[in-house]
Amino acid sequence: MASGREKAYAYLKDTVLTDPEMQGAFLSEQELADRIGVSRTPIREALLLLAAEDLVELVPKRGARVTPLTGREVRELMELRGVVERYAAQQLVAAERVPLEELRSLLERQRALTGAEDTREFIAVDHRFHASLVSAVGNALLDRHYDSLRSRQVRAGVVAVYNQQGRQEAVLDEHEAILHALAGGDAQAVCAAIDHHLESTLKVLLAG
């Protein structure tokens, strides 16, 4: 059974921090405690963990503030994702171990989540699409490194969808291009499709 701190940490990271309306906002410890069903102590402990990850800022006498994604952080996130995802694609194509069935299933799941009310779930599946590609390499250290980007990746994805009408449909097309290149066993085409996908997301986020 998860501890109060673990419950608070997961809720804050997966629900509060991914809410576009909460970017830059101060958090109420008591409101969060009531919502999650824990005391304020686990909330404070979770906030300390998130502050260590630079996901929240602890402001003296004011409390915890959700740290907005800066332009520099978004650029660095996309750059790092590109390095990891291109490497994963190249390894899998060379070894002929691309998890095509899993990726197709996730893409179809995304296609059923294009409503405005489905945005967070759409982006959660988006992350799983990319994470499945990385995970298939079978490198545990690489998996942990990529997973450490998950919160920022999900936050960026949700904000991008909110910032541009039609972004969900564009993401589906971009994922389809990645999957098509993977199915064709063309590592160069896969890398180009990944780059296009990340660059498109970056442009939307920077246009804000």
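Predicted model: local features only at pLDDT ≥ 70, side-chain atom pairs only at ≥ 80, totals over all residues.

I started with the contacts (heavy atoms within 4.5 Å). Counting those between residues at least 6 apart in sequence, 72% join residues at least 24 apart.

Residues are numbered from 1 along each chain as its sequence is written, and side-chain values use heavy atoms, with hydrogens and water left out.

Next, the fold. I find 10 helices and 2 strands, taken as DSSP runs (helices H or I, at least four residues; strands E, at least two) and numbered from the N terminus. The order along the sequence is α-α-α-β-β-α-α-α-α-α-α-α.

Then the overall dimensions. The C-alpha trace spans about 55 × 35 × 30 Å along its principal axes.

Burial: 44% of the 208 residues are buried. Here buried means under 20% relative accessible area, exposed over 50%, and partly exposed in between (1.4 Å probe, protein chains only).

On to charges. I get 25 positive and 32 negative side chains, with Lys and Arg as positive, Asp and Glu as negative, and His and the chain ends not counted. The structure holds 16 salt bridges, meaning a side-chain nitrogen of Lys or Arg within 4 Å of a carboxyl oxygen of Asp or Glu.

Which parts does the bridge between Arg 120 and Asp 19 (3.3 Å, N to O) tie together? Arg 120 sits in helix α6 (residues 119-135) and Asp 19 in the loop between α1 (4-16) and α2 (29-36), so the pair links parts 101 residues apart in sequence. Arg 120 is partly exposed at 32% relative accessibility, while Asp 19 is buried at 19%.

Glu 85 and Arg 81 also pair up, closest N and O atoms 2.9 Å apart. Both are in helix α4 (residues 71-95), 4 residues apart, about one turn of the helix. Glu 85 is buried at 0% and Arg 81 is buried at 4%.

Arg 65 bridges to Glu 57 at 3.1 Å between the closest N and O atoms. Arg 65 is partly exposed at 25%, and Glu 57 is partly exposed at 37%.

Last entry: Asp 14, Asp 147 and Arg 150 are linked in a network of salt bridges.

Technical notes: Charge placed at Lys NZ, Arg CZ, Asp CG, Glu CD.
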